[in-house]
Amino acid sequence: MHVPALRSSGSGRLALIGALALSALLAACSGKPGSAAVPAETAHAPADATSPATRSGFVQVEGTRFVLDGKPYRFAGANFWYGAYLGAPDGVGDRARLRAELDQLKAAGIDNLRVLAMSEASGFKRGVRPAIMAEPGTYDEQLLVGLDYLLAEMAARDMKAVLYLNNFWQWSGGMSQYVAWATGGSVSEHDPDLTGDWNGFMQNSARFYALPEAQAWYRDAIRTVVGRTNSITGVAYVDDPTVMSWQLANEPRPGSDADGRANADAYVRWIDETAGFIRGLAPRQLVSTGSEGEKGSAGDMELFIRAHATPNVDYLTFHLWPSNWSWIDHKDPAARLEPGLATSLDYIDRHIDVAGKMGKPIVLSEFGLNRDQGAYDPASGVQARDRFYQAIYDRVLERMKAGDAIAGSNFWAWGGRGRTANADWMWKAGDPFTGDPPQEAQGLFSLFDSDASTLGIVSRHARAVRAVP
């Protein structure tokens, strides 16, 4: 996520799942080499419309655009961080809810989902529980089966997944938990939900990049997920075109705005080396960073450019959080909405222009705004949010139609049927999941299944994006 303010039918699914499994079996019987043997430079090279690779179902990069089966691929998507959790067997998951919500998203034209693929058990006050990684090298198989189930259901609906493998923030354990494991320290001394010291937390989290033991554990986690074979379909993840992209982390930063520049070299090196490691494991799938853009690069666009210049990163990402960044009032979004929108649209344009100059596509992979009057109740108004969504989508569509480098967007975040009964609006272990992670009030940025006006805006945009030639 981001710094808080201050901060199809069942038979159709089974048919496609069976087809995926059969495809994998036929490839194995033919004696063709596995995907790991495909050179990265071949897998990511522009493909012509008659090449077998263009009919593979894998999203590829061609200049400043994505292509899928020889045609331009653009999307309007959502963040669905808890998708693997919903896919887990009974006790944690809710597969009926997952299927219903995937159907609702698909019907609205939303077919690209950004999902958390690794979480770490931690002592953070607001950390998600349970976690996929109990300790270095030990993983919760039921939650990994949940990811299997999610991908199988997404494949049945012809949806694409962007899977992120770490988190700069505390709500899923993330980098600070790796630091604690590697140093023998405790996360509580740097827990911003206890200390209120976000700068200190960010600097501690950024120590992760230069700790060899933490990096070794992280790579084991990467191998565990990327190298997995889906227990539902029997298809290796690296052979599954449902996975569009592997993302290094959610919002990796060099550290705090005040002190992060000192970590810039380690941060840039970590991006290059980790992206290269993932490309070696999954050469037919794309690699991205999960960056917020300039705001996640110590406010330095040159650092953002430098971090994404490596050929191991296939496309750029950026996020947009105007109320968290004080461009729009957190407690009353309508109060300064228009000037905040102007600043937001400029932020979008500058990042698209940078991507064009770098010759890579870019995705606005998070954006959101509070409900009216900063409320959390799903029954509260969303007039300002709707105005915000429409303006963002209009600019993205305008730049797409102009042939610019913007390739898609994912709003933050799908909350679906999730609701809290807690008076303080905060998540507790065992509660239904919403789009707002445990560090934030459940309703802060979630787009619930009852938000008909906002969902209508998203759906109309999705259809407009699909109509762009």
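Predicted model: local features only at pLDDT ≥ 70, side-chain atom pairs only at ≥ 80, totals over all residues.
User: What makes strand β5 mostly covered?

Analyst: Strand β5 covers residues 112-116, and five of its five residues are buried. A residue counts as buried if its relative accessible area is under 20%, so each of these five residues falls below that cut-off.

User: Which residues of β5 point one way, and which the other way?

Analyst: N112, R114 and L116 point one way from β5, while L113 and V115 point the other way, and all of them are buried. In a regular strand, side chains alternate between the two faces of the sheet.

User: How do you know that β5 and strand β8 pair, and in which sense?

Analyst: Two strands pair if at least two bridges are found between them; β5 and β8 (residues 160-164) have five bridges, in the parallel sense, and therefore count as paired. Within this pair, V115 stands opposite L163 in β8.

User: Why is strand β4 also said to pair with β5?

Analyst: Strand β4 (residues 75-79) and β5 are joined over two bridges in the parallel sense, and because at least two are needed, the pair meets the requirement. Here A78 stands opposite L113 in β5.

User: What makes up the lining of the second largest pocket, by class?

Analyst: The lining has eight charged, four nonpolar and no polar residues. Asp, Lys and Arg count as charged, so D69, K71 and R74, which are among the lining residues, belong to that class. Leu, Pro, Tyr and Met count as nonpolar, and therefore L68, P72, Y73 and M159 belong there.

User: Which strand gives the most to this lining?

Analyst: Strand β3 (residues 71-73) gives the most, with three residues, and the space in the pocket is about 260 Å³.

Note on methods. Residues numbered from 1 in each chain as written. Heavy atoms only, no water. 1 Å grid on protein atoms, 1.4 Å probe; cavity = no way out; pocket = protein on both sides within 12 Å on 5 of 7 lines; lining within 4 Å. Points joined across faces, edges and corners; volume = space filled by probe spheres on them. Helix = DSSP H or I, 4+ residues; strand = E, 2+ residues; numbered from the N terminus. Buried < 20%, exposed > 50% of the residue type's maximum accessible area, 1.4 Å probe, protein only.
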